[in-house]
Amino acid sequence: MKLFKLIKHLKSKYLTKKERSQIKDIIRIIEISINKKFIFWENQEEIDFENIKNIEKICKMIFKLHFPIQYIENVVKFGELKLIINPHTLIPRPETEILIEKVYQIVENYQLKEKFKKIILIDFGTGSGNIILLLLKKLKHIPMIPIGIDISFNALQIAQKNSIINNVPIILLNHSNINIIKKNLCDQTIFILISNPPYLTKKEMKKELYFEPDNALLTPKKTFYYNQLISFFMKNKIQNFLLFFEIDQKTLKKIIPKLKKNKINYRILHIQRKIFLLEISRLKK
Ligand SMILES: C[S@@+](CC[C@H](N)C(=O)[O-])C[C@H]1O[C@@H](n2cnc3c(N)ncnc32)[C@H](O)[C@@H]1O
């Protein structure tokens with residue numbers, strides 16, 4: 001079949017009128033399958049039967065079963081980073097990029113380099129490493145000990161590859177070793193924790209999210225990870241910390257009364273639609 005006839009056929013078979021803008025995904029699927037970039041396609045190019053079968057199979061997965069095209073491409077752009085991803089890692093979202101920009105501006109304003117001897121940066125639930133790697137690129141003038149933590153060994157392996165290909169060294173830790181971070185602290189140490197933890201309940205799962213890892217999305221209780229992390233820093237009597245969370249509106253409503261009750265210092269910034277940045281701070285110094 002001729003290439004352009006094939007596109008027409010796929011468009012009418014897989015895209016509704018509303019989805020016509022997804023034609024770029026059809027082109028991308030063909031590019032991947034025939035291993036030839038669009039700009040090199042020829043008008044009269046013939047696609048053989050085997051390739052058409054393959055292309056149809058991928059189209060079905062993407063347009064009918066909602067398998068994310070990013071997992072077929074394996075590489076995504078995130079700010080200035082190129083990141084490897086696979087079905088063990090969440091696909092980095094644009095709102096997380098906005099969140100990182102806000103955190104960067106806030107951290108810059110604190111002038112931590114002048115005030116603290118040791119700055120430990122933690123990304124809890126690091127996944128592909130997108131948050132910590134992009135933040136480190138932006139804050140490269142501040143010397144920090146950067147630690148990415150995750151429960152998934154497969155995700156940690158991907159984060160390690162991303163650290164290498166983007167030339168940003170980080171320490172990677174399995175979540176069960178989180179207590180290591182409390183060693184050798186002094187009152188001139190500050191922790192910056194940034195986290196986009198799982199915050200969806202089973203009821204809130206949408207079919208578009210079906211192929212992303214459950215342990216990246218699902219939480220037993222909306223406030224579960226937030227409470228655990230906040231308690232970890234409050235109870236361990238860590239003197240100086242800035243905690244930054246990506247959080248949805250529903251969870252925020254549940255958490256605010258508790259912060260107020262415990263007189264915890266917090267600030268909220270709007271990110272996008274129902275997503276917010278929650279900042280919690282304790283600065284004794
Ligand atoms: C919403 S994803 C965030 C991924 C990435 N940081 C981002 O923002 O795109 C949550 C991450 O938390 C990890 N995670 C889930 N439970 C965890 C736990 N108990 N300890 C550490 N990481 C956990 C998941 O494996 C997943 O990578």
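Predicted model: local features only at pLDDT ≥ 70, side-chain atom pairs only at ≥ 80, totals over all residues.
The protein chain has 285 residues, and buried residues make up 31% of them. Its secondary structure consists of 11 helices and nine strands. Taken along the principal axes, the box filled by the C-alpha atoms of the protein chain is roughly 70 × 40 × 30 Å. The domain assignment gives two parts, domain 1 (3-65) and domain 2 (90-283). The centres of domain 1 and domain 2, taken over C-alpha atoms, are 39 Å apart. Of the contacts in the protein chain with a separation of 6 or more, 69% are between residues 24 or more positions apart.

Helix α3 covers residues 49-64, and its 16 residues should span 22 Å at 1.5 Å a residue; the C-alpha atoms at its ends are 21 Å apart, which agrees. Which residues of α3 are buried? They are I55, C59, I62 and F63. Seen down the axis of α3, these buried residues fall within an arc of 80 degrees, so they line one face of the helix. The face turned away from the buried side of α3 carries the exposed residues F49, E50, K53, K57 and K64.

Some backbone angles also deserve a look. Most residues other than glycine have a negative phi. H66, which follows α3, has a positive phi, near 65 degrees. N35 is another residue other than glycine with a positive phi, near 55 degrees. N35 lies in the loop between α2 and α3. Is N35 buried or exposed? N35 has 7 other C-beta atoms within 10 Å, so it is exposed. R273, also not a glycine, has a positive phi of about 40 degrees. The loop that holds R273 runs between β8 (265-272) and β9 (275-283). R273 counts as exposed because it has 9 C-beta neighbours inside 10 Å.

Y104 belongs to helix α5, residues 94-110. Y104 is partly exposed because 15 other C-beta atoms lie within 10 Å. Leaving aside residues up to four places away in sequence, Y104 touches L135, K138 and L139. F78 is 26 residues from Y104 along the chain, and the C-alpha atoms of the two are separated by 15 Å.

The last stop is the ligand. How many residues surround the ligand? There are 20, and the closest are G125, G127, H175, N196 and A216. The elements that give two or more residues to this shell are α7 (130-138), β4 (145-150) and α9 (214-217). By class, the shell around the ligand has 10 nonpolar residues, nine polar residues and one charged residue.

Methods:
Residues numbered from 1 in each chain as written. Near = placed C-beta within 6 Å. Helix = DSSP H or I, 4+ residues; strand = E, 2+ residues; numbered from the N terminus. Nonpolar A, V, L, I, M, F, W, Y, C, P; charged D, E, K, R; others polar. Expected span 1.5 Å × (residues − 1). Buried ≥ 20, exposed ≤ 12 C-beta atoms within 10 Å, placed from the backbone. Arc of directions from axis to C-beta. Contact = placed C-beta atoms within 7 Å. Domains from an automatic or database assignment.
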